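Student: Before we discuss individual side chains, could we look at the model together and ask what lies behind each label?

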Amino acid sequence: MTIDKSWTQIRKCSNSTVFWQGLQSFLQMAKPHVNDRGFIRCPCNRCINNAQHQLEVLETHIHRFGFMSDYNDWIYHGENVYAASSSNVLHPNSGVHDRDEMFEVLEDIISNDAEVDQLGSQSSNVQYDDLFTALNSELYPGVSSISSLNFLVKLMHLKVMNKWTNKSFDELLKLLKLAFPKMDLVESHYEAKKLMTKMGLGYQSIHVCKNDCALFWNENSMSETCPVCFESRWKMQAGRRTGKNVPHKVLRYFPLAPRLKRLFATSKTAKLMRWHQSGKSTDDNVMRHPVDGRAWKDFDSKHTEFADDVRNVRLGLAADGFNPFNNMSISYSMWPVVLTTYNLPPWLCMKPEYLMLSLLIPGPQSPGKDMDVFLRPLIEELNELWENGIDTRDASNDRKVFKMRAALLWTVNDFPARSSLSGWSGQGYKACPTCNENTPSMRVIGKTAYFGHRRLLPSTHRWRSNLDFDGRTDRKCPPRRFSSVDIMDQLRRVKTTIPGKHPNYGGVKRKRGDDELNWRKKSIFYELPYWAEIELKHNLDVMHIEKNICDSLLGTLMGDPHKFKDTDNARRDLQNLGIRSELHLYEDGNKLMKPAAEYTFSEANRRNVRRKKHAGQGRILHSEQFPGNRDILKVSMCTFIDYYISLLQYLLKLVTCNSQHKQDDDICRRYRT
């Protein structure tokens, strides 16, 4: 049967009856060949069979942009279906070759745009024209196995994985163009980045005041000077700008919404985004994912409208500083802010491919109390995602559009970073954020010490009655929990501070009032409508804590002078407090003697420490001589956190043993020998 295709030659936007009838016949023929999502390739002059849409959109596009002139065999729409299924082709008239893998990538990007398929709307394919051109272009005449776009993406991936500089990448492109003049490739790294940005791999560059006072963003985007300290936005030389305007600092911001939408662009990840609902533990005493915790359940009970749609996204935030130059002699601290999605199962939510870099905060100094200045773009986007949401297509539900919302549940940091994010200082007499104003502390030689930890034990625990520590029992109750109402009442008393590090403005040190406790500021997170009611706002990174405790504990047991805590000043503190008299320093002639503590290994036992295995974890520690003539044993441990946990478990048993109990005494003998 011959198919009448003459109507395709009639100009676009035609009201001809012949054109209209031919278009309807074409749609009827194509209808049985849509995919399981109801999508099929669009043969209009704009999409040229590279984008997929629903039939209603095909009708609009063909009527508006016209039918592509070189699409003679309708192999994607019902004509000669066998040929289409038996040969993978990217373009019907571009020769037979393997389908380019970048085609699926562009499909996900375009089809996830909620505006693409709205009838009568401006087609968003305009912004993808360069990508389509690179996708349909052969890398080199006669080479159809890889497109120009695919080659460029792979080249950029190699650049990142092997840490090529931008200059070396430019030189490589010049060499390729010199060796292969007909190669269809970009001219520079700058052009490559512009193309990658259209694939959703870009970021926003936001200028920052040199003193971290403010961002040149939104209302300040056109300002030439900082609105706080009035310093110039640009680098100056001899008081004048030279050449091109160069900002002092640049904050890189990676928008969150497009990446969250992409999680729903494919059916596989879209289904995984529901795991927290279907995979949570049925045993109340088992926690295998944050969804099983009290904080998650409390949040859902307070925000039922958000919790009703399991596709709404729960996020966690982590931030810490690092030296990007891999050279500790250079003092530079750059802070990445990373988000993770807790909708995913526990074996995926911490995988690198699902961690989303949100901010890259420049150095050379850490942001400190000015962290809120840099978090401003992220907080505003989180507020938008909470209040209004964003239209998103769910690939696991027939590509239907839903309103996706997102919420930040908590942060995960080490203790110093927690201080910068929460606003509660981690130094001073009230450094503990849990004990708050009731932190038990005292001043000892050279530092502040925190005591009274026995009150955290059960009231019937035998250590409560033990007199070995300070000659007294401890019957105090555990610290009370401070409710969100209590915290907000404290924050109302905190004075507003000027941001930045300028010596005449934000850098001026001020003394906190007694009513401000240890609050340095009211964190920007409280601008999120739900943040004040979150039960668990900040989590401590256990890895750092366990490693530091394990190093200090083992160093004390082994007498390592670089890591042990049993110093001369510690013994003097005991003497000043009038406790543990058997450990006080004493003079023997002209020498100051330090009595050996029960918890330290003897010289002979320290020499017997050899490679040990624990629970099949492999080598935990070994001893070796320090350089030189000093006959002191050094302990070298693995950096793997699992080893630290295993080692810490039996070391805690060792140092807490009591000779009055036979079981503990056996543990002592086993590990001391």
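Student: What share of the contacts with a separation of 6 or more in the protein chain comes from residues 24 or more positions apart?

Tutor: In this predicted model, residues 24 or more positions apart account for 58% of the protein chain's contacts with a separation of 6 or more. The secondary structure of the chain comes to 21 helices and 20 strands, and of its 673 residues 43% count as buried.

Student: Why is the pair of Trp-7 and Phe-67 called edge-to-face?

Tutor: The general point is that a pair of aromatic rings is described by the distance of the centres and the angle of the planes. For Trp-7 and Phe-67 the centres are 5.4 Å apart, and rings pair if their centres lie within 6.5 Å, so the two rings count as an aromatic pair. Their planes make an angle of 70°, and an angle over 60 degrees counts as edge-to-face, so that is the label this pair receives.

Student: Which parts of the chain does this pair link?

Tutor: It links distant parts, 60 residues apart, with Trp-7 in the segment before α1 (17-30) and Phe-67 in the loop between α2 (55-65) and α3 (81-86).

Student: Are Trp-7 and Phe-67 buried or exposed?

Tutor: Buried means under 20% relative accessible area; Trp-7 has 2% and Phe-67 has 5%, so both residues count as buried.

Student: Which residues do ring pairs join into a cluster with Trp-7?

Tutor: The cluster linked by ring pairs holds Trp-7, Phe-19, Phe-26, Phe-67, Tyr-71 and Trp-74. The structure as a whole holds 21 aromatic pairs.

Student: How many disulfides does the structure hold?

Tutor: The structure holds zero disulfides. For Cys-226, the nearest cysteine sulfur is that of Cys-209, 3.5 Å away; a disulfide needs two cysteine sulfur atoms within 2.5 Å, so Cys-226 is in no disulfide.

Student: How do you know whether Cys-226 and Cys-477 are buried or exposed?

Tutor: Cys-226 has 1% relative accessibility, which is under the 20% limit, so this residue counts as buried. Cys-477 has a relative accessible area of 61%, and exposed means over 50%, so Cys-477 is exposed.

Notes
Residues numbered from 1 in each chain as written. Predicted model: local features only at pLDDT ≥ 70, side-chain atom pairs only at ≥ 80, totals over all residues. Heavy atoms only, no water. Buried < 20%, exposed > 50% of the residue type's maximum accessible area, 1.4 Å probe, protein only. Phe/Tyr/Trp six-rings, centres within 6.5 Å; stacked < 30°, edge-to-face > 60°. Helix = DSSP H or I, 4+ residues; strand = E, 2+ residues; numbered from the N terminus. Contact = heavy atoms within 4.5 Å.
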